[in-house]
Amino acid sequence: MNTGNSKLWDIFCRVIDNYGDIGVCWRLAIGLAERGEQVRLWVDDASALGWMAPEGAQGVELRPWTQPIQTDDLVIGDVLIEAFGCEIAPEYIASYADSTRARGLKSIWINLEYLSAEDFAERSHGLPSPVMSGPGTGLTKHFFYPGFTSRTGGLLREPDLAERQAQFDRIVWLRQLGIEFRGERLVSLFCYEPPALSELLDQLAINPHETRLMVTAGRAAAAVKACIDDKNKSQPLWNMRKQLSFSYVPMLSQREFDHLLWACDLNFVRGEDSLVRALWADKPFVWQIYPQHDDAHHDKLDAFLNVMSAPLSLRDFHHVWNGVQGFAHANLPAMALPEWQVTVTQARKQQLQHDDLVTQLMRFVLKNH
Ligand code: TRH
């Protein structure tokens, strides 16, 4: 229990695959800590934090989510965050229930959901859900939906973001990566295995403007290398004029990942967290959505394009990039960067009018305490 004005937050995160779950939980943890809260982040696999946040953060304590959790001498937190339905360990819930009852407090158990622009986010945001079974019986969970409208929980955004952006110098930053900028167009690539990757490379290779593709480490780099190998075999002259060059970027910390997006003229991003970062970067971007089995992500993609008021050129490009039904065999349309720039600048401006997620979450907790 925490006796000061600040609260002790226990955030639980299970890493399924990729980096979005831990990426969002880490941003949330440091956002709370920067506002004076005490945070424990319980995670079953913290390995990605080694490169994502190598220096850790003051006020955030990383705890391994062991099975079972040793609760004997554990000071129980005031607020419980269950990230993305990760099912908090029953032994912890039992201790939390005992602790809140002993203190005569209401429980503050929040289920943090995935970001979506779909209507259900507004409908479900803030709803209570009484716990009917298990050690938490009698407690109430609340759903907290991030989102793009004032009736959702908002987006993660640090208070000093604009200041950091204003001080950023892309030439200096590129030099630190060993890149001497020559005025070429810079495009970042963070993706899974997009069906139209080969077409994108072709498009960039024949563009009159020289392009440097800044390829992120992991799946994107593997996909690009495989694609180049194939092309070199089947169409050896595809990049004959060397209009397209490649820089393979190492794993970056989250702060440095922002710098990559700020440095580029066009960003390809994936999942939810880098999507939000691309929006804040205020550069044209293309999103590869995390695929779901039943193609439910196609509706989610369209809902986001609606929020962006995306012009047809951006919609079509997204549909082909994501292999949406009906577009899977279509050619990758031309990129309309000036038009996409206007779109993202307007959407960003609109989103800046909403309170950020951490501010809203803290307000929600105070109200429901
Ligand atoms: O890695 P992702 O594809 O995450 C996905 C989605 O979030 C998906 O919804 C979820 O269900 C699945 O994970 C389990 O993309 P996302 O969400 O953009 O997260 C990537 C994180 O990695 C983000 O915080 C930025 C960070 N990152 C770095 O910090 N440095 C890097 O070099 C790179 C490439 C990424």
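## Pairing of strands E8 and E9

Strand E8 (residues 185-189) and strand E9 (residues 211-215) run parallel and are joined by 5 bridges, where strands (E, at least two residues) and helices (H or I, at least four residues) are DSSP runs numbered from the N terminus. Within this pairing, Val187 stands opposite Leu213 in E9. The model is a predicted one, in which local features need pLDDT of at least 70 and side-chain atom pairs count only at pLDDT 80 or more, whereas totals for chains, interfaces and linings use all residues. Residues are numbered from 1 along each chain as its sequence is written, and side-chain values use heavy atoms, with hydrogens and water left out.

Met214 is placed in strand E9 and is buried, with a relative accessible area of 0%; buried stands for under 20% relative accessible area, exposed for over 50%, and partly exposed for values in between (1.4 Å probe, protein chains only). When its neighbours within four places in sequence are left aside, Met214 is in contact with residues including Trp173, Leu174, Leu177 and Ile179, with Val187, Ser188 and Leu189, and with Ser247, Val249, Leu260 and Cys264, contact being defined as heavy atoms within 4.5 Å. Met214 and Asp202 are 12 residues apart in sequence, and their C-alpha atoms lie 16 Å apart in space.

## The five-stranded sheet

E8 and E9 belong to an open sheet of 5 strands with the order E10-E9-E8-E11-E12 and parallel pairing; two strands are taken to pair if DSSP finds at least two bridges between them. Its edge strands are E10 (244-248) and E12 (285-288), each of which pairs on one side only. Neighbouring strands of the sheet are turned by 15° against each other on average, direction ignored; the axes are lines fitted to C-alpha atoms, for helices over the stretch in contact, and angles run from 0 to 180 degrees between N-to-C directions. Strands of a sheet pair through backbone hydrogen bonds, either parallel or antiparallel.

## Helices on the sheet

Helix H7 (residues 197-206) packs on the sheet, touching E8, E9, E10 and strand E11 (266-270), and its direction makes about 125° with that of E10. Helix H8 (residues 219-234) lies across E8, E9, E10 and E11 and runs at about 145° to E10. The buried residues of H7 are Leu197, Leu200, Leu201, Gln203, Leu204 and Ala205, and they pack against E8, E9, H8, E10, E11 and helix H12 (312-321).

H7 and H8 pack at an angle of about 70°, with their axes 10 Å apart. That angle makes H7 roughly perpendicular to H8, given that 65 to 115 degrees counts as roughly perpendicular, under 35 as roughly parallel, over 145 as roughly antiparallel and the rest as oblique. The contact is made by Leu197, Ser198, Leu201 and Asp202 of H7 together with Ala223, Val224, Cys227, Ile228 and Lys231 of H8. By class, this contact of H7 with H8 has 6 nonpolar, 1 polar and 2 charged residues, where Ala, Val, Leu, Ile, Met, Phe, Trp, Tyr, Cys and Pro count as nonpolar, Asp, Glu, Lys and Arg as charged, and the others, Gly among them, as polar.

## Helices H12 and H13

H12 and helix H13 (residues 337-352) pack at an angle of about 95°, with their axes 9 Å apart, which makes H12 roughly perpendicular to H13. Ser313, Leu314 and Phe317 of H12 make the contact with Glu339, Trp340 and Thr343 of H13. By class, the contact of H12 with H13 has 3 nonpolar, 2 polar and 1 charged residues.

## Domain division

The protein is divided into domain 1 (8-156 + 355-368) and domain 2 (161-351), with bounds that come from an automatic or database domain assignment. The centres of domain 1 and domain 2, taken over C-alpha atoms, are separated by 31 Å, and the contact takes 18 residues from domain 1 and 21 residues from domain 2.

## Backbone features in loops

A cis peptide bond, with omega about -5°, joins Gln67 and Pro68, and Pro68 lies in the loop between strand E3 (60-64) and strand E4 (79-83).

Asn18, in the loop between strand E1 (8-13) and helix H1 (20-34), has a phi near 55°, a positive value in a residue other than glycine. Glu87, found in the loop between E4 and helix H3 (90-103), has a phi near 60°, likewise a positive value in a residue other than glycine. Asn18 is buried, with a relative accessible area of 18%, whereas Glu87 counts as exposed at 60% relative accessibility.
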